[in-house]
Amino acid sequence: MKELIVNVVNSSILTGLVKAKLQQVLTMSKYQGIIALDLDGTLLNSNKELSNVNYAALKRAYEANWAIVPTTGRFYDAMPKVIKELPFVEYVIVINGAEVVDLKNHKTIYKAEIPNTQAIDIMTYLDQYPLIYDCFEGGAAFMTSTFKTKIDEMASNPHYRKMLRELRQDVDEL
């Protein structure tokens, strides 16, 4: 493991870097600006579906030369197919801002990875508190078996609990 991406709730530092990279990419294009939208509870309804109303609004914005950029805490492979297949979406921001993916070329154009030693320091610090965390590497998410047993206690949203169980691979330690 060369580098890890630690999924920390407050990723404001990464957000600025992602915004700068997207502005750099989009400055050379036809767009007048960026509309970045969270998926769960914003762009997608409670059934994790894209409504016709939201689809039409996104399409109108795109036709008015706005870049539509879905954003999520999920890793790319866990992003819903309906979002990946939107014909007017060229980029997505995943892993809480740690990665920007070019959908047309199926290529990561930006990564904000935390070096392994720094990730270990962060996890050691977090271990002092009653919380759970996970790590991302190589397009996959990992969580310790011990943390997975605490999902119900730590996560109140049923959909989020389900995603944590299904999308995090069990490991003995991170």
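Modeller: Five aromatic pairs are counted here, where rings of Phe, Tyr and Trp (its six-membered ring) pair if their centres lie within 6.5 Å, with planes under 30 degrees apart counted as stacked, over 60 as edge-to-face and the rest as tilted. This is a predicted model, in which local features need pLDDT of at least 70 and side-chain atom pairs count only at pLDDT 80 or more, while totals for chains, interfaces and linings use all residues. Residues are numbered from 1 along each chain as its sequence is written, and side-chain values use heavy atoms, with hydrogens and water left out.

Biologist: How is the pair of Tyr133 and Phe147 described?

Modeller: A pair of aromatic rings is described by the distance of the centres and the angle of the planes. Tyr133 and Phe147 are edge-to-face, at 4.8 Å centre to centre and 75° between the planes. Tyr133 is in the loop between α4 (116–126) and β8 (135–137), and Phe147 is in helix α5 (residues 145–148), so the pair ties together parts 14 residues apart in sequence. Helices (H or I, at least four residues) and strands (E, at least two) are DSSP runs, numbered from the N terminus.

Biologist: Is Tyr133 buried or exposed?

Modeller: Buried means under 20% relative accessible area, exposed over 50%, and partly exposed in between (1.4 Å probe, protein chains only). Tyr133 is buried at 8% relative accessibility, and Phe147 is buried at 11%.

Biologist: Which residues form one aromatic cluster?

Modeller: Tyr55, Tyr62 and Phe88 do.

Biologist: Which residues line the largest cavity?

Modeller: Rolling a probe the size of a water molecule over the atoms shows where empty space is left. On a 1 Å grid over the protein atoms alone, a cavity is a set of points where a 1.4 Å probe fits but cannot get out, and lining residues have an atom within 4 Å of a point. Grid points are joined across faces, edges and corners, and a volume is the space filled by probe spheres set on the points. The largest cavity holds about 30 Å³, and its lining includes Tyr31, Tyr62 and Phe88. Strand β3 (residues 66–71) gives the most to this lining, with three residues.

Biologist: In what sense do strands β5 and β6 pair?

Modeller: Two strands pair if DSSP finds at least two bridges between them. Strand β5 (residues 99–102) and strand β6 (residues 107–111) pair in the antiparallel sense over four bridges, with Asp102 opposite Lys107 in β6.

Conventions:
1 Å grid on protein atoms, 1.4 Å probe; cavity = no way out; pocket = protein on both sides within 12 Å on 5 of 7 lines; lining within 4 Å.
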